[in-house]
Amino acid sequence: RPCESDVEVVSTLGAARVLRAELHYPRYGTAWARVSTVAKAVPAGPATLTIGDLSLVGTVLPDRGGEDSPSSWTGIWVNGAGWDTVLPARPPYQNDSGVRLKSVLSDLAVDCGVSVVLPTDAPMLAHWCRATRSGNGAARTGRDELAILGRRGYVLPWHVDPQDVTRFAAR
């Protein structure tokens with residue numbers, strides 16, 4: 001719900017001054033914002049979104065922005081963007097005493113290019129196979145794999161903190 005105030009809050013996306021930001025900061029998952037700036041363009045890639053004294057490290061998504069007018073640009077910023085990376089194939093995990101959750105999550109974080117604070121390690125099944133396609137044939141992402149691990153009770157709901165680090169707990 002929009003917040004209106006007579007107090008001016010200084011906001012930036014990288015070096016660009018923000019005209020308007022619609023920030024979604026859920027209890028779990030990733031934060032994202034639709035941002036309009038004074039700049040004609042904001043380069044895609046790593047960027048810090050600052051709204052008042054809140055600073056969030058994340059990424060300006062490529063192909064998700066454009067010029068609104070001769071003097072402004074609107075685009076999408078997200079933290080934890082790496083979780084939307086399409087997963088590469090990996091050999092199945094196998095361990096008769098249980099595949100370690102730490103091994104699966106560490107490899108997943110590396111494949112997605114994200115930083116994580118790993119939860120308490122625990123044994124999983126003796127065999128864990130990470131599929132690269134979903135049932136409908138769509139490519140599977142790191143976010144999809146986290147959802148599967150969560151549904152099976154191996155990880156708690158997760159969030160990405162202001163420094164762009166994934167943690168397995170509520171904000």
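View 1. Ser11 counts as buried, because its relative accessibility is 9% and buried means under 20% relative accessible area, exposed over 50% and partly exposed in between, with a 1.4 Å probe and protein chains only. This is a predicted model, in which local features need pLDDT of at least 70 and side-chain atom pairs count only at pLDDT 80 or more, while totals for chains, interfaces and linings use all residues. Residues are numbered from 1 along each chain as its sequence is written, and side-chain values use heavy atoms, with hydrogens and water left out. Ser11 lies in strand S1 (residues 11–13); helices (H or I, at least four residues) and strands (E, at least two) are DSSP runs, numbered from the N terminus. Leaving aside its neighbours within four places in sequence, Ser11 is in contact (heavy atoms within 4.5 Å) with Ala16, Arg17, Val18, Thr50, Ile51 and Gly52.

**View 2. Confidence along the chain.** The protein chain has an average pLDDT of 88, and 94% of the residues score at least 70, where pLDDT is the predictor's confidence in each residue, from 0 to 100. Among the elements of the chain, S9 has the highest mean pLDDT, 97, whereas strand S6 (residues 66–69) has the lowest, 70.

**View 3. The largest nonpolar core.** A nonpolar core is a set of buried Ala, Val, Leu, Ile, Met, Phe, Trp, Tyr and Cys residues joined through side-chain atoms within 4.5 Å, and the largest one here has 20 residues. Those with the most contacts inside this core are Trp83, Val104, Leu105, Leu108, Trp128, Leu146 and Leu149. Helix H1 (101–112) and helix H2 (142–151) are the elements that give two or more residues to this core, and H1 supplies the largest share, six residues. A second, separate core of 13 residues includes Ala16, Ala33, Val42 and Leu49.

**View 4. Helix H1 and its buried side.** The 12 residues of H1 should span 16 Å at 1.5 Å a residue, and the end C-alpha atoms of H1 are 16 Å apart, which agrees; the expected span is 1.5 Å times one less than the number of residues. The buried residues of H1 are Leu101, Val104, Leu105, Leu108, Ala109, Asp111 and Cys112. They cover an arc of only 165° around the axis, which puts them on the same side of H1, the arc being that of the directions from the helix axis to the C-beta atoms. These buried residues pack against S8, S9, strand S10 (127–128) and H2. Just after H1, Gly113 takes a positive phi of about 70°.

**View 5. An open sheet of three strands.** The strands form this sheet in the order S9-S12-S11, with mixed pairing, and two strands pair if DSSP finds at least two bridges between them. Strand S9 (115–117) and strand S11 (159–160) stand at the edges with a single partner strand each, so one side of each is left without a neighbour in the sheet. S9 and strand S12 (residues 165–167) run parallel and are joined by three bridges, and Val117 stands opposite Arg167 in S12.

**View 6. Antiparallel pairing around strand S3.** Strand S2 (residues 16–24) and strand S3 (residues 32–37) pair in the antiparallel sense over six bridges, and the bridge partner of His24 in S3 is Trp32. S3 and S7 also pair in the antiparallel sense over six bridges, with Ile76 in S7 as the bridge partner of Arg34.
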